[in-house]
Amino acid sequence: MPNNQLHTHFRQSLFDGCCEYDEAVKRVKELGGSAIAITDHGVLTGVFPFVQACVNGDVKPIVGVEAYVQEDDALSFKIHQVLYAKDKVGFVRGISKAVTKSNKRIDSKGAPRMNKQILRECFGPGSVAHGHVVTTTACMQGICNSIILSNQKIDEKIERTTVKRDKYLYP
């Protein structure tokens, strides 16, 4: 089975990128893979050198981004959402547009944030890029895992509150 890398942060990625394009492409080829994706956090600044490295290394480039999704409410938590362009329309008219809009909504740590409005406008029914982008649940901070972990945190708070209550009621 080919070893295609679908979640890669390169040196331009915000906060955690370290891979060099040529080295990553070479490693994918060594492992028998035929494709690699760029999913830098919140930026698209490395897309063109990445694609060039893939073309030079005879590996299929998959262009994407790992977006931070958070509403304006300070109480809402930030989730990660990976978006992959299926084609040029998905990249130019969808992902590029969404990343540009999210970079106008920077949080206190310097991270660009998408929200539901941006996601609907760029990828929802009736948008030019609708059907031209694929999304996944991302990493441990993706939507599915965030829900599971937030439920776990709520359960832990309930348990701590129950213990405190029992100490108060039954000293």
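L169 lies in helix α5, which covers residues 143-169. The model is predicted. L169 has 46% relative accessibility, so it counts as partly exposed. Together with Y168 and Y170, L169 forms a nonpolar surface patch of about 440 Å² accessible area. The other topic here is an open sheet of 4 strands.

**Sheet layout**
- The strand order is β1-β2-β3-β4, and the pairing is mixed.
- β1 (35-38) and β4 (133-136) are the edge strands; each has a single partner, so one side of each lacks a neighbour in the sheet.
- On average, neighbouring strands are turned by 30° against each other, direction ignored.

**β1, β2 and helix α2**
- β1 and β2 (residues 60-69) run parallel and are joined by 4 bridges.
- I36 sits opposite P61 of β2.
- Helix α2 (residues 47-57) packs on the sheet and touches β1 and β2.
- The direction of α2 makes about 150° with that of β2.

**β3 and its partners**
- β2 and β3 run antiparallel, with 6 bridges between them.
- A67 stands opposite Q81 in β3.
- β3 also pairs with β4 in the antiparallel sense, over 4 bridges.
- L83 has T135 in β4 as its bridge partner.

**Burial of β3**
- How many residues of β3 (residues 79-85) are buried? The count is 7 of the 7, so the strand is largely enclosed by the rest of the structure.
- I79, Q81, L83 and A85 point one way from β3, while H80, V82 and Y84 point the other way.
- Residues pointing either way are all buried.

Methods. Residues are numbered from 1 along each chain as its sequence is written. This is a predicted model: local features need pLDDT of at least 70, side-chain atom pairs count only at pLDDT 80 or more; totals for chains, interfaces and linings use all residues. Side-chain values use heavy atoms; hydrogens and water are left out. Patches are made of residues with over 30% relative accessible area and no salt bridge: like charges are joined within 9 Å, nonpolar side chains (Val, Leu, Ile, Met, Phe, Trp, Tyr) within 5 Å. Accessible areas come from the Shrake-Rupley method with a 1.4 Å probe; for residues, only the protein chains shown count as cover. A salt bridge is a side-chain nitrogen of Lys or Arg within 4 Å of a carboxyl oxygen of Asp or Glu. Helices (H or I, at least four residues) and strands (E, at least two) are DSSP runs, numbered from the N terminus. Buried means under 20% relative accessible area, exposed over 50%, partly exposed in between (1.4 Å probe, protein chains only). Two strands pair if DSSP finds at least two bridges between them. Axes are lines fitted to C-alpha atoms, for helices over the stretch in contact, and angles run from 0 to 180 degrees between N-to-C directions. Contact means heavy atoms within 4.5 Å.
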